[in-house]
Amino acid sequence: QAQLVESGGGLVQPGGSLRLSCAASGSDFSWNPMGWYRQAPGKERELVAFIGTGGTTKYADSVKGRFTISRDNAKNTVYLQMISLKPEDTAVYYCNAVKFGQQYWGQGTQVTVSS
């Protein structure tokens, strides 16, 4: 019954900002690492941001300095704050978690950066 649901995607101009949310339900993921992935047509799904249970974070080189991942364990929610967006950031963004060796994925939310 555990599931992840992303929200917050949309159309934004280059240089703009968006904040994505990943709400978990059916299970407590506060003790599990989580991450944001993205996938553009014709490209492999890639990890863009990771956050551990202790708050440690890592980012893909392409988004360092522009994206920030955070989590609110009381709300069982993970966020991705994105600033200075570029057209190459256009993709479907997915939330991911691993618990008891099982991977969980959200349905994805579309981010389009265009003038």
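**View 1. Lys99 over the face of Phe29.** In this predicted model, Lys99 lies over the face of Phe29, at 5.5 Å from the ring centre; a charge is taken to sit over a ring if NZ of Lys or CZ of Arg is within 6 Å of the ring centre and within 35 degrees of the ring normal. Phe29 is buried, with a relative accessible area of 1% (buried means under 20% relative accessible area, exposed over 50%, partly exposed in between, with a 1.4 Å probe and protein chains only).

**View 2. Aromatic pairs.** Searching the whole structure gives 2 aromatic pairs, where rings of Phe, Tyr and Trp (its six-membered ring) pair if their centres lie within 6.5 Å, and planes under 30 degrees apart count as stacked, over 60 as edge-to-face and the rest as tilted. One of them, between Phe29 and Tyr104, is edge-to-face, at 5.5 Å centre to centre with 75 degrees between the planes. Tyr104 is partly exposed, at 23% relative accessibility.

Tyr37 and Trp105 also form an edge-to-face pair, with 4.9 Å centre to centre and 65 degrees between the planes. Trp105 is partly exposed, its relative accessible area being 34%.

**View 3. Arg19 over the ring of Tyr79.** The charged end of Arg19 sits over the Tyr79 ring, 4.0 Å from its centre.

**Notes to all views.** Residues are numbered from 1 along each chain as its sequence is written. Because the model is predicted, local features need pLDDT of at least 70 and side-chain atom pairs count only at pLDDT 80 or more, while totals for chains, interfaces and linings use all residues, and side-chain values use heavy atoms, with hydrogens and water left out.
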